[in-house]
Amino acid sequence: MESLLINRLSTLAHPGRMAMFRLLMRRCPDEVTAGEIAQALDLKPSTASIYFSALTKDGLITQRREGTRLLYTVNPAAAREVVAGIFLDCCRGRADMCPPEIATLFQDLAPSDDSKFNVLFVCSGNSARSIFAEAILRDLAGDRFNAFSAGTAPRDSVNLRVLELLKAKGHDVTELRTKGVTEFQAPDAPRMDFVFTVCDRAANEDCPTWAGQPVSGHWGVPPPVKASGTEAERRLAFQHAYGALQNRIAAFTALPFALLDRGTLQKRVDDIGKATTTPGN
């Protein structure tokens, strides 16, 4: 067991392999294609192949072939074994050696402001999908959740089709605007209880760690702004994105938060992200 821990630590000591492992950790439990990973990390196919081989050999990630595609996913059990190997075996589980950030992960989740949970939806441009999610959550369960959205590279303004659809669905759009994630990482920003990425590009990016260790999840939705075809087909893509997010948010708000420990809640959040959603009306 000790030799396996040493091998895994040696594998993760390489910046490129660590970057690949961290990307798959952020996308957990998603399966991600080799091409998407290489593109996100700006790796040559040959270099990416070497990294995949090393991480797979040590059991840190798993590989599955689907037709001509290779799909990769992180191995959560291996990640737990690495942490346990360092903390329990090497440090003998001493509480004074445990970082406070880890200790908070074992506490039951409670709203940051003692009344409502703070939820942040993140995508790249913050002009469509994350705006949809912010508006949906605010109107669906605004009595229990404070909804926010942000982008890793925010656009100048919210997409006009998004505003048009939200108005048609009865949402108030007067306060909706594009924002950068840095706005929510400032010292005086609200502390988040949940952070959800709703586009693959944002999930693939290596963002700074959020204060307070919020529960995170990836609820990727295809980008409606990239839809092609007729005007009706492009509008339908926005309807589908709205419906998929509405279904996921409805499932999320229905969770019995007071009865779930953090680990179970994380699994429920992941299951919602994996679920095949039928777009709403």
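## Cores and helix packing

The largest nonpolar core holds 50 residues, and Leu120, Phe121, Phe132, Leu166, Phe194, Trp219 and Phe252 touch the most other members. Such a core is a set of buried Ala, Val, Leu, Ile, Met, Phe, Trp, Tyr and Cys residues joined through side-chain atoms within 4.5 Å; buried means under 20% relative accessible area (1.4 Å probe, protein chains only). Elements giving two or more residues to this core include β4 (117-123), α7 (129-141), α8 (160-168) and α10 (231-253). Helices (H or I, at least four residues) and strands (E, at least two) are DSSP runs, numbered from the N terminus. Another core, of 21 residues, lies apart; Leu12 and Met20 are among them.

This is a predicted model: local features need pLDDT of at least 70, side-chain atom pairs count only at pLDDT 80 or more, and totals for chains, interfaces and linings use all residues. Residues are numbered from 1 along each chain as its sequence is written, and side-chain values use heavy atoms, without hydrogens and water.

Two helix pairs involve α10. Axes are lines fitted to C-alpha atoms, for helices over the stretch in contact (heavy atoms within 4.5 Å), and angles run from 0 to 180 degrees between N-to-C directions.

| Pair | Angle | Axes |
|---|---|---|
| α7 and α10 | about 45 degrees | 9 Å apart |
| α8 and α10 | roughly 65 degrees | within 11 Å |

α7 and α10 are therefore oblique to each other. α8 and α10 are therefore roughly perpendicular. Angles of 65 to 115 degrees count as roughly perpendicular, under 35 as roughly parallel, over 145 as roughly antiparallel, and the rest as oblique.

Phe132 and Ile136 are among the α7 residues that meet α10. From α8, Leu165 and Leu166 are among those meeting α10.
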